[in-house]
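Welcome! Here is a short tour for anyone meeting this structure for the first time. Have a look at the picture, then read on.

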Amino acid sequence: MLHIINKSPLVNSTLADCLRVATGGEILLIEDAVYAATKGNAFEPKLNDAMKRFKVYVLQPDLDARGVGDRVVAGVTAVDYGGFVDLTVNNKNCQSWL
Amino acid sequence: MSEAIVKKFMFVNRKAPYGTIYALESLEVVLIAATFDQDVSLVFLDDGVFQLKKGQQTKGIETKNFSPTYRALEDYDVEKLYVEKESLDARGLTVDDLLVDVTVLGSAEMGALMDQQDVVLSF
């Protein structure tokens, strides 16, 4: 299953909520959620912990827009819009944590 | 003619750019306030510090990159930019990551500065 997050983990609980409820699968970080995958942010330890259960992806155009494309946490895979589509197609279903 | 009244205006920016419209809207109002020769301060707190991150490239999301505007603020005599240290630290950022010169304040100093204002506009 694919879980999509679009809010910053530092000011919004949706990523934490997802990690609390979801049992595993894939997570795609888009829009302001891409900050979760940047080195040195306060949520990084929790993301590293989550990567034991989830494969984590981040949307490259949203990283670039925010000037953080060069500081992605190791183990997180950057994808383009085509990769976004592939993730939605290759998973049986998908939950957006709005 | 009476003496022009100058008030202390503080713009409190707490949202990351692009995910919502707040950051851009704040900039628009800052530029308006500046044309009225007011005493304008900009404060960047929480995810608002991301507005000043160097290297923003928005072509991929087909959105206007408004970050160069922060560098133009001094041309409008808007030179008081404050960033909270705790917000930078929590995001793995330092002043070297920012595209303009700012004054870094601790939370308590930031709160004191806020108390001194005549008008506080929240974004």
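Helices here are DSSP runs of H or I with at least four residues, strands are DSSP runs of E with at least two, and both are numbered from the N terminus. On that basis, chain B holds four helices and five strands. Please keep in mind that this is a predicted model.

- Reading chain B from its N terminus, the elements follow the pattern β-α-β-α-β-α-β-α-β.
- Chain A also comes to four helices and five strands, and its elements run β-α-β-α-β-α-β-α-β from the N terminus on.
- Chain A has 98 residues and a radius of gyration of 12 Å, close to the 13 Å from the globule rule, so it is as compact as a globular protein of that length.
- For the 123 residues of chain B, a compact globule would have a radius of gyration near 14 Å, which agrees with the 15 Å of this chain.
- The C-alpha trace of chain A spans about 30 × 30 × 25 Å along its principal axes, while that of chain B spans about 50 × 35 × 20 Å.
- Buried residues make up 42% of the 98 residues of chain A and 33% of the 123 residues of chain B.
- What share of contacts joins residues at least 24 apart, counting those between residues at least 6 apart in sequence? In chain A it is 67%, and in chain B it is 73%.

**The sheet of chain B**

- Chain B has an open sheet of five strands with parallel pairing, and their order is β4-β3-β2-β1-β5.
- At the edges sit β4 (103-105) and β5 (119-122) of chain B, each of which pairs on one side only.
- On average, neighbouring strands in this sheet are turned by 25° against each other, with direction ignored.
- Strand β1 of chain B, residues 8-13, runs parallel to β5(B) and is joined to it by four bridges.
- Within that pair, Met10(B) lies opposite Val120(B) of β5(B).
- Helix α1 of chain B (residues 22-35) packs on the sheet and touches β1, β2 (39-44) and β5 of chain B, with its direction at about 170° to that of β1(B).
- Helix α4 of chain B (residues 107-115) lies across β1, β2, β3 (80-84), β4 and β5 of chain B, and it runs at about 140° to β3(B).

**The nonpolar core**

- Which residues touch the most other members of the largest nonpolar core? They are Leu29(A), Val34(A) and Ala36(A), in a core of 49 residues.
- Both chains take part: β1 (2-5), α1 (14-21), β2 (25-29) and β3 (54-59) of chain A, and β1, α1, β2 and β3 of chain B, each supply at least two residues of this core.
- Leaving aside residues up to four places away in sequence, Val34(A) touches Leu29(A), Val58(A), Leu59(A), Asp62(A), Leu63(A), Arg66(A) and Val68(A).

**Where the chains meet**

- The contact draws 19 residues from chain A and 19 residues from chain B.
- On the side of chain B that touches chain A, six residues are nonpolar, eight are polar and five are charged.

- Val73(A) sits in the loop between α3 (60-65) and β4 (77-79) of chain A.
- Not counting residues up to four places away in sequence, Val73(A) touches Ala37(A), Thr38(A), Lys39(A), Glu44(A) and Leu47(A).
- Val73(A) and Ile5(A) are 68 residues apart along the chain, and their C-alpha atoms are separated by 17 Å.
- Most residues other than glycine have a negative phi.
- Glu62(B) has a positive phi, near 50°, and is not a glycine; this residue is in the loop between β2 and α2 (68-72) of chain B.
- Glu62(B) counts as exposed because it has 8 C-beta neighbours inside 10 Å.
- Asp77(B), too, is a residue other than glycine with a positive phi, here about 60°, and it is found in the loop between α2 and β3 of chain B.
- With 13 other C-beta atoms within 10 Å, Asp77(B) is partly exposed.

Definitions and conventions. Residues numbered from 1 in each chain as written. Chains lettered and ligands numbered in written order. Predicted model: local features only at pLDDT ≥ 70, side-chain atom pairs only at ≥ 80, totals over all residues. Pairing = 2+ DSSP bridges. Axes fitted to C-alpha atoms, helices over the stretch in contact; angles between N-to-C directions. Contact = placed C-beta atoms within 7 Å. Nonpolar A, V, L, I, M, F, W, Y, C, P; charged D, E, K, R; others polar. Core = buried A, V, L, I, M, F, W, Y, C linked by C-beta atoms within 7 Å. Buried ≥ 20, exposed ≤ 12 C-beta atoms within 10 Å, placed from the backbone. Rg over C-alpha atoms; globule rule 2.2 N^0.38 Å.
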